[in-house]
Amino acid sequence: MQVDENLARFLRYVKIDTQSDDASQTTPSTLKQLDLARQLMKELDELGIPNELDEYGRVYAHLDGEKGLPTIGLNSHMDTALECSGKDVKPQIHENYDGKDIRLNEEYTLSPKDFPNLLRHIGDTLVTTSGDTLLGGDDKAGDAIIMSVLAYYVAHPEVKHHPIAILFTPDEEIGRGPEHFDAKKFGADWAYTIDGDFPDHIDIDNFNGSHADVKIHGFGIHPGEAKGKMVNAIRVAEEFDSLLDPNEKPEYTDGWDGFNHILSFQGDSTYVEMHYIIRNHKKELLEKQKKEFVFAKEFLEKKYPNAKIELEIADDYRNMSEVLEKDPRAVEHARKVFRSLGIEPVSLPVRGGTDGATFSFQGCPTPNLGTGSYNHHGRFEYLSVREFNLMIEIVKALVKA
Ligand SMILES: [Zn+2]
C-alpha cells in the first residue's frame, strides 16, 4: 500500500530498539534510546527546527510561532516497555480490516474475541506486530504525531500557529521520564503529553501514588522452648497484610477505586520485609489507606511487644487534576478544540501515572492525549492508521493560532 510520510515516520521509529531498563543506574537507562533521540534530532535539523540533547538524553526543541500567543508544549517518550522485546520489530500493515482474526504468526492471533475494541476499526488500516515483539506505538505513535505536526507547519508557513515547545523523554516506562525535567528550558505555558490510546480522550486524573516499606523483626528462640516467647516474623507479616482492607487490591478494583498492592514479601521467621504501592485518585482516600498501615503497625506492636515493626511511607506522584483544576487553560483549550472538530472529549480516570503529572506540579499543566494505538506493552499491540491521522489533525488544531 501507499505509505504516506506520517505513517513512514512511525514505521521508521518502531524499528529502532529503545527498550529502557529498570535495573540500570545510568540516565538514560539504556544507550540505545539515544539512537532514536539522534534520529529525531536529525529530522528536526532537516526541518530547520532548533533542538538540543541534554546530558540526560532528553531532546528539547522549539518552533517559533505567532508573537503574543502562549507557548504550547508537546511531549512524548522514546522508550518502550520492559514486558516484551522491542528489538527487530517487523510492523505488519493490514489494509481494510474486515473484523476477523488477524494471524500475527504461527503461534499468535490478534482476535476481536480477546480484544473487542478491534471491531471499532472495521474498514481501517491497522499496523500490528509480527507476534514476536511489541509494536512500540507506546509511544512512538506519539513521537510520530508530534513530528508530523511540526513537518506540516514548517511546510505551511502561511498557516499561523502558537510557539511550540517540544520534548522527547527517555525512560518513561521505568517511571524516570520526568526526572531532570527542566520546565524553564521546555518553556511551555502548558503542554500535552501524547501517550494514550483513544483519540477522543483527554486524561486529567491520574493516581496519587505512594509506597510503604514494612520491616518486621520477630523474636527468635529455639522452637523447642518457644512457648509464650517466640514471635515469628512471617506470622506477624501475614497478620499485618490481613489488617489492610481486603477489597483494596488491584485484582478487585477499577475506575475510581484505589488499592494497596503488595509487590514483594521476603524474609524468614526472624525478619520479613514487605513492599507495597498505594494508589488512589482522591488524596483524602489515599491518606485513609496510609492510616490503615499505621494502624496495623500500632496494633501489632501492642499485640507482640517483643516484635519490632518499622514502617516507612513516602509519596511518589500526585494526581495532576489538583493542578489542572487550579489552572484549567490546557484542559479548556483542548476541550474547545476537540469540540470545534466535532469530537466530544471524554475524560476517564487513568489508573497509573503520567510524565505530564510531574510536569504539571512543576508549573506546566500537562494533560494526556491519545495516539490511536492500543494493547500497549505486548505482542498484541496495534495502531489504527485512521486514528493516528486523526490525532495529527487534533494536535495540529491544538497549536493553530
Ligand atoms: Zn507510554
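A: The largest nonpolar core holds 59 residues, and F10, L150, F168, Y192 and L383 have the most contacts inside it. Helix α10 (residues 385–399) supplies the largest share of this core, nine residues. Such a core is a set of buried Ala, Val, Leu, Ile, Met, Phe, Trp, Tyr and Cys residues joined through side-chain atoms within 4.5 Å; buried means under 20% relative accessible area, exposed over 50%, and partly exposed in between (1.4 Å probe, protein chains only). Helices (H or I, at least four residues) and strands (E, at least two) are DSSP runs numbered from the N terminus.

The model is predicted: local features need pLDDT of at least 70 and side-chain atom pairs pLDDT 80 or more, while totals for chains, interfaces and linings use all residues. Residues are numbered from 1 along each chain as its sequence is written, and side-chain values use heavy atoms, without hydrogens or water.

Beyond its neighbours within four places in sequence, Y192 is in contact (heavy atoms within 4.5 Å) with residues including I72, L74, H333 and L398. A second, separate core of 19 residues includes L244, V272, L286 and A307.

H77 lies in strand β3 (residues 72–77) and D138 in helix α3 (residues 137–155), so the pair ties together parts 61 residues apart in sequence. H77 is buried, at 1% relative accessible area, and D138 is buried at 7%.
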